[in-house]
Amino acid sequence: MSEIRSPSRRALLFGRVPTAPRPAAIRPPWAKAEPEFLAACTRCDACVQACPEQVLIRDADGLPRFEARAGECTFCGDCVAACDSGAFEPADTLPWTLVAQVAGTCLSAQGVVCASCREVCPASAIRVSPGARGAPTIDVEACTGCGACVAPCPVDAITLQDTSAMEAVA
Ligand code: SF4
Ligand code: SF4
């Protein structure tokens, strides 16, 4: 799985920036690319009901969306197994290309000691400098985009970014 994700993550490391707008909603893990997903999904709600973590929600348009503020995806694959409409890729492929990104509003970046995100990261992908000397750094190779760090941040400084929307600046 990491072999597929690595090029995109390296793009982050080497200063590449998003050139395409992020989709308004993060689809469930293993969801097919947006055009195919929208065509295949019947809005049946099966994946939403199947998620034991309750991190999938039904949007106003009936489509399922991953909501990191509700919790963490454990990549159990129950959503994929529940879908009969062909809206998902097989669960033995890369679930998505999301990684956490920390904004400048992070308390640690403002000189306030905080390590809430690091403490909850199941992948140990977050490094926080002692003494609040800057924002945490994310190991983009280790980050799974699970979203566990999003809700605990007291200032909502963490978002999930799709590395597949990154292109080289030069
Ligand atoms: S993989 Fe499991 S925890 Fe993650 S969204 Fe699907 S059902 Fe929920
Ligand atoms: S998204 Fe998950 S794996 Fe990535 S830094 Fe946050 S908690 Fe760690």
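# Pocket, ligands and salt bridges

Visitor: Which strand gives the largest share of the lining of the largest pocket?
Guide: That share belongs to β7, which supplies three residues. Strands (DSSP E runs of at least two residues) and helices (H or I runs of at least four) are numbered from the N terminus. A pocket is an open set of points on a 1 Å grid over the protein atoms alone, where a 1.4 Å probe fits and protein lies on both sides within 12 Å along at least five of seven lines, and lining residues have an atom within 4 Å of a point.

Visitor: Before we go on, what kind of model is this?
Guide: The model is predicted, so local features need pLDDT of at least 70 and side-chain atom pairs count only at pLDDT 80 or more, while totals for chains, interfaces and linings use all residues. Residues are numbered from 1 along each chain as its sequence is written, chains are lettered from A and ligands numbered from 1 in the order in which they are written, and side-chain values use heavy atoms, without hydrogens or water.

Visitor: Back to the pocket, then: which residues lie nearest its centre?
Guide: Among the 20 residues that line the largest pocket, A31, K32, A33, W96 and D162 lie nearest its centre.

Visitor: And how does that lining divide by class?
Guide: The lining of the largest pocket has 13 nonpolar, two polar and five charged residues. Here Ala, Val, Leu, Ile, Met, Phe, Trp, Tyr, Cys and Pro count as nonpolar, Asp, Glu, Lys and Arg as charged, and the others, including Gly, as polar.

Visitor: What is around ligand 1?
Guide: Ligand 1 has 14 residues around it, and C51, C73, C76, G77 and C79 come nearest. A residue is near a molecule if one of its heavy atoms lies within 4 Å of it. The shell around ligand 1 divides into ten nonpolar, two polar and two charged residues.

Visitor: What about ligand 2, which residues surround it?
Guide: The residues that surround ligand 2 include C121, C143, C146 and C149, and also A100, P122 and I126. By class, the shell around ligand 2 holds nine nonpolar and three polar residues, with no charged ones.

Visitor: New topic: how many salt bridges are there in the whole structure?
Guide: A search of the whole structure finds five salt bridges, each with a side-chain nitrogen of Lys or Arg within 4 Å of a carboxyl oxygen of Asp or Glu.

Visitor: Which one links distant parts of the chain?
Guide: R69 forms a salt bridge with D156, with their closest N and O atoms 4.0 Å apart. R69 sits in the loop between β3 (64-66) and α4 (78-82), whereas D156 sits in the loop between β6 (137-138) and β7 (158-162), 87 residues apart.

Visitor: Are E34 and R27 buried or partly exposed?
Guide: R27 is buried, with a relative accessibility of 12%, and E34 is partly exposed at 29%. Buried means under 20% relative accessible area, exposed over 50%, and partly exposed in between (1.4 Å probe, protein chains only). The side chains of E34 and R27 meet in a salt bridge of 3.4 Å, N to O.

Visitor: Which residues are linked in a network of salt bridges?
Guide: The network links D59, R65 and E67, and within it the side chains of R65 and D59 meet at 2.9 Å, N to O.
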